[in-house]
Amino acid sequence: METKDKFDPIRKGLLEFVVLRVIASRKVYAADILKILDSTEFGTQEGTLYPLLSRLRREGLVEYEWIESDAGPPRKYYRLTAKGDEQRKVLERYWDDLTATIKNL
Amino acid sequence: MNKVITINLNGRAYQLEEAGYETLRAYLDQAAAKLQGNPDKDEIMADFEQAIADKCDAYLGSHKNVIGAAEIDEIIKKMGPVDAGGGERAAADAPNAGRAGGTLPPKRLFQIREGAWISGVCNGLAAYFNVDVALVRILFVLLGILTHGFGVAAYVILMILMPVARTDDDLAAARGVKPLNAHDFIEQAKSRYADFEREFAKRPEQPDAMAGREAWHKWRDDMKAWRREWKADMRRERGMRRAEMHAHRHELHEQYGMGFFRFVVGVILVFLFAAWIMALVSVVSHGTAFGFALAAGHPLWVPIVFLCALFYVVAAPFRLLMRNARPWRRRHYSAFIDIVESLFFIFALYLLAYTAGMMFPSVNEALSTAWNYLRSV
């Protein structure tokens, strides 16, 4: 089993955290998120990302606005809500704790 | 030269090769089924369509205005399987964990409507315990007889308590097979088609039963080739398969019109079945059935064989009705015509029985004795 495979479930579970971070860092629409993640270990696909974004929106962590694009139809640009930003910070702190714990084992 | 189909993706027209259209249709149907129950289903579906449209745009240019089947395959591969789990956290982990470990998820008890007589309780129990549905039915009827009707109450309670398997995932859970890992939703489409075709091959009144059987053998051979180079082969066979599968899915949405009818016929079947089992029990235990005593000197197998034949003949028209009221008939109206045909058949059968009764008083007598016996029960 490759290292990558061993962390498969972990990467999957981290996707929400990763997406929150991406959205926090810049103004993005879905295809941007995919493109950004594609160059990392967290590459994913529409089939996974769209249902995830819809859940985050339902939970009030992200919101979107329609912005006209010069090529094609208007796009949904996502940003974090105050609650989403709070959630991101909580997750970041937890992630730091986790990595610190692992380092100290 | 391929036929081109124009589709509307989020308000823009795209032209696809027919085979590509069927693939895309299957993918989107699949996605919709996966997102069943998700409050944002429509929105997510619209997003999917938009993403597909964007990907189509990448293939189009001034010299090219049709999306090929191979390009649709590419696009769907890029879209990836629809992970309904992204929507519901708890549900996300269970199937994935099962998949990663290569083990099966726990089976669940569902009513399975496909091939059901009444509501699919026996069907679901059979799937759950992995036994033949006929055995479960026999057990239920025996239970009903031995406990003076408690079995019927048990059935009704189960009918109310057991959820009905409505989605592919439900069916997978009910049968304990691997839930669709959407990467191979195409595999699933193929196996559906195989079921579909096997049904056709089995159906004796189907004039092209042989053709169906041959087609199925051919399909099976194709499957082996597919595994090796499925992409190339897909292009050849796919259009037709998709169309069939799509028709099938479409029918499923229309099955509810047939529901009541199927229910009534199912109840009649169950009563006949119960009467048959009772007669068998009675013959074996007391040597009588329907008021007829077993004549001395006859071996026991004679009445048993006779009862089996009788049940087969009496139940045949109802089975036929049941089969023709099946939702997965190809066209709704043809199912209707088949039902009319079957009703005619039943009518003719009873007319025949009536005539026989007129001509041979003993037959009439036997029938009325049987009827009186049934009433006294």
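Guide: What follows is a set of questions about this predicted model, each answered from its values.

Visitor: Why is B:Gly120 called buried?

Guide: Count the neighbours. B:Gly120 has 24 other C-beta atoms within 10 Å. The cut-off for buried is 20 or more. The count of 24 meets that cut-off, so B:Gly120 is buried.

Visitor: Where is B:Gly120 found, and what is it in contact with?

Guide: B:Gly120 sits in the loop between helix 4 and helix 5 of chain B. Leaving aside neighbours within four places in sequence, B:Gly120 is in contact with B:Gln111, B:Ile112, B:Arg113 and B:Val164. B:Phe110 is 10 residues from B:Gly120 in sequence, and their C-alpha atoms are 8.3 Å apart.

Visitor: Why does B:Gly266 count as partly exposed?

Guide: B:Gly266 has 19 C-beta neighbours inside 10 Å. Buried needs 20 or more, and exposed needs 12 or fewer. The count of 19 falls in between, so B:Gly266 is partly exposed.

Visitor: Which element holds B:Gly266, and what does B:Gly266 touch?

Guide: B:Gly266 lies in helix 11 of chain B, residues 256–286. Not counting residues up to four places away in sequence, B:Gly266 touches B:Trp117, B:Ile118 and B:Met322. B:Leu321 is 55 residues away in sequence, yet 9.6 Å away in space, C-alpha to C-alpha.

Visitor: What makes B:Asn130 exposed?

Guide: B:Asn130 has 9 C-beta neighbours inside 10 Å. Exposed means 12 or fewer, so B:Asn130 qualifies. B:Asn130 lies in the loop between helix 5 and helix 6 of chain B. Its phi is near 60 degrees, a positive value in a residue other than glycine.

Visitor: And why is B:Asn10 called partly exposed?

Guide: B:Asn10 has 15 other C-beta atoms within 10 Å. B:Asn10 is in the loop between strand 1 and strand 2 of chain B. B:Asn10 has a positive phi of about 50 degrees although it is not a glycine.

Visitor: Now chain A. Why do strand 1 and strand 2 of chain A stand at the edges?

Guide: The open sheet has three strands in the order 1-3-2, with antiparallel pairing. Strand 1 and strand 2 of chain A each have a single partner strand, so one side of each is left without a neighbour in the sheet.

Visitor: How do you know that strand 1 and strand 3 of chain A pair?

Guide: Count the bridges. Strand 1 and strand 3 of chain A share two bridges, in the antiparallel sense. Pairing needs at least two, so these strands count as a pair. A:Val28 stands opposite A:Tyr78 in strand 3 of chain A.

Visitor: What lies across the sheet strands?

Guide: Helix 4 of chain A lies across strand 2 and strand 3 of chain A. Helix 4 of chain A runs at about 110 degrees to strand 2 of chain A.

Visitor: How many residues of each chain are in contact with the other chain?

Guide: 22 residues of chain B are in contact with 17 residues of chain A. On the chain B side, helix 2 of chain B gives the most, with eight residues. That side has 10 nonpolar, five polar and seven charged residues.

Notes:
Residues are numbered from 1 along each chain as its sequence is written. Chains are lettered from A and ligands numbered from 1 in the order in which they are written. This is a predicted model: local features need pLDDT of at least 70, side-chain atom pairs count only at pLDDT 80 or more; totals for chains, interfaces and linings use all residues. Two residues are in contact if their C-beta atoms, placed from the backbone, lie within 7 Å. Helices (H or I, at least four residues) and strands (E, at least two) are DSSP runs, numbered from the N terminus. Ala, Val, Leu, Ile, Met, Phe, Trp, Tyr, Cys and Pro count as nonpolar, Asp, Glu, Lys and Arg as charged, and the others, Gly among them, as polar. Axes are lines fitted to C-alpha atoms, for helices over the stretch in contact, and angles run from 0 to 180 degrees between N-to-C directions.
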